[in-house]
Amino acid sequence: MKFANVGTMGVLPGKRDEVIAILTNSNPALAEIGCLVYEVGGRDDDPDTVYVTEIWESEEAHGKSLELDTVQAAIAQAMPLLTGDFGGYEFQVAGSPIRD
């Protein structure tokens, strides 16, 4: 069953675009281990928050992604720019009207 992780990350003032750049750096290994969607962005009315939506082939694939050296490096690079304020939800995807 597909797995979704939709969340927010608080960032230090003025650091949102830097965190977005880190998280959107090309990483083909994510698709290779089962990432179907990984979208990152922000809102004009919320300049100190980064929004992330991920859909994976499975929860296990998501867990494996956290073991990748490239993901570990991105986390290490982004961590000093974050406030520690995280929000969001994880859930098993039941289906979609736009794909099989």
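Trainee: Is Lys 2 buried, exposed or partly exposed?
Mentor: Lys 2 counts as partly exposed, at 25% relative accessibility. Buried means under 20% relative accessible area, exposed over 50%, and partly exposed in between, with a 1.4 Å probe and protein chains only.

Trainee: What am I looking at, a prediction or something else?
Mentor: This is a predicted model: local features need pLDDT of at least 70, side-chain atom pairs count only at pLDDT 80 or more, and totals for chains, interfaces and linings use all residues. Residues are numbered from 1 along each chain as its sequence is written, and side-chain values use heavy atoms, with hydrogens and water left out.

Trainee: Back to Lys 2. Which side chain does Lys 2 meet in a salt bridge?
Mentor: Glu 57, at 3.3 Å from N to O. A salt bridge here is a side-chain nitrogen of Lys or Arg within 4 Å of a carboxyl oxygen of Asp or Glu. Lys 2 lies in the segment before S1, and Glu 57 sits in the loop between S3 and H3, so the pair ties together parts 55 residues apart in sequence. Glu 57 is partly exposed, with a relative accessible area of 37%.

Trainee: What do S and H stand for?
Mentor: S is a strand and H is a helix. They are DSSP runs, numbered from the N terminus: helices are H or I with at least four residues, strands are E with at least two.

Trainee: How many salt bridges does the structure hold?
Mentor: Four. One of them joins Glu 18 and Lys 15, with the closest N and O atoms 3.6 Å apart. Glu 18 is partly exposed at 39% relative accessibility. Lys 15 is partly exposed too, at 31%.

Trainee: And Arg 16, what does that side chain meet?
Mentor: Asp 17, in a salt bridge of 3.7 Å, N to O. Arg 16 counts as buried, at 16% relative accessibility. Asp 17 counts as exposed, at 56%.

Trainee: Why would such side chains pair at all?
Mentor: Side chains of opposite charge can pair when their charged atoms come close.

Trainee: New topic. How many residues are in the largest nonpolar core?
Mentor: It has 13 residues. A nonpolar core is a set of buried Ala, Val, Leu, Ile, Met, Phe, Trp, Tyr and Cys residues joined through side-chain atoms within 4.5 Å. Those with the most contacts inside this core are Met 9, Val 19, Leu 23, Val 40, Val 50 and Val 52.

Trainee: Which elements supply at least two residues each?
Mentor: Strand S1 (3-11), helix H1 (16-23), strand S3 (46-56) and helix H4 (69-78). H1 gives the most, with four residues. There is also a second, separate core of six residues, which includes Phe 3, Leu 30, Ala 61 and Val 71.

Trainee: What is Met 9 in contact with?
Mentor: Leaving aside neighbours within four places in sequence, the contacts of Met 9 include Leu 23, Val 50, Val 52, Leu 82 and Phe 86. Contact means heavy atoms within 4.5 Å.

Trainee: What volume does the largest pocket have?
Mentor: About 750 Å³. On a 1 Å grid over the protein atoms alone, a pocket is an open set of points where a 1.4 Å probe fits, with protein on both sides within 12 Å along at least five of seven lines; lining residues have an atom within 4 Å of a point. Grid points are joined across faces, edges and corners, and the volume is the space filled by probe spheres set on the points.

Trainee: Last one. Where is Ser 65 placed?
Mentor: In helix H3. Ser 65 is buried, with a relative accessible area of 4%. Beyond neighbours within four places in sequence, Ser 65 is in contact with Leu 30, Ile 33, Trp 56 and Val 71.
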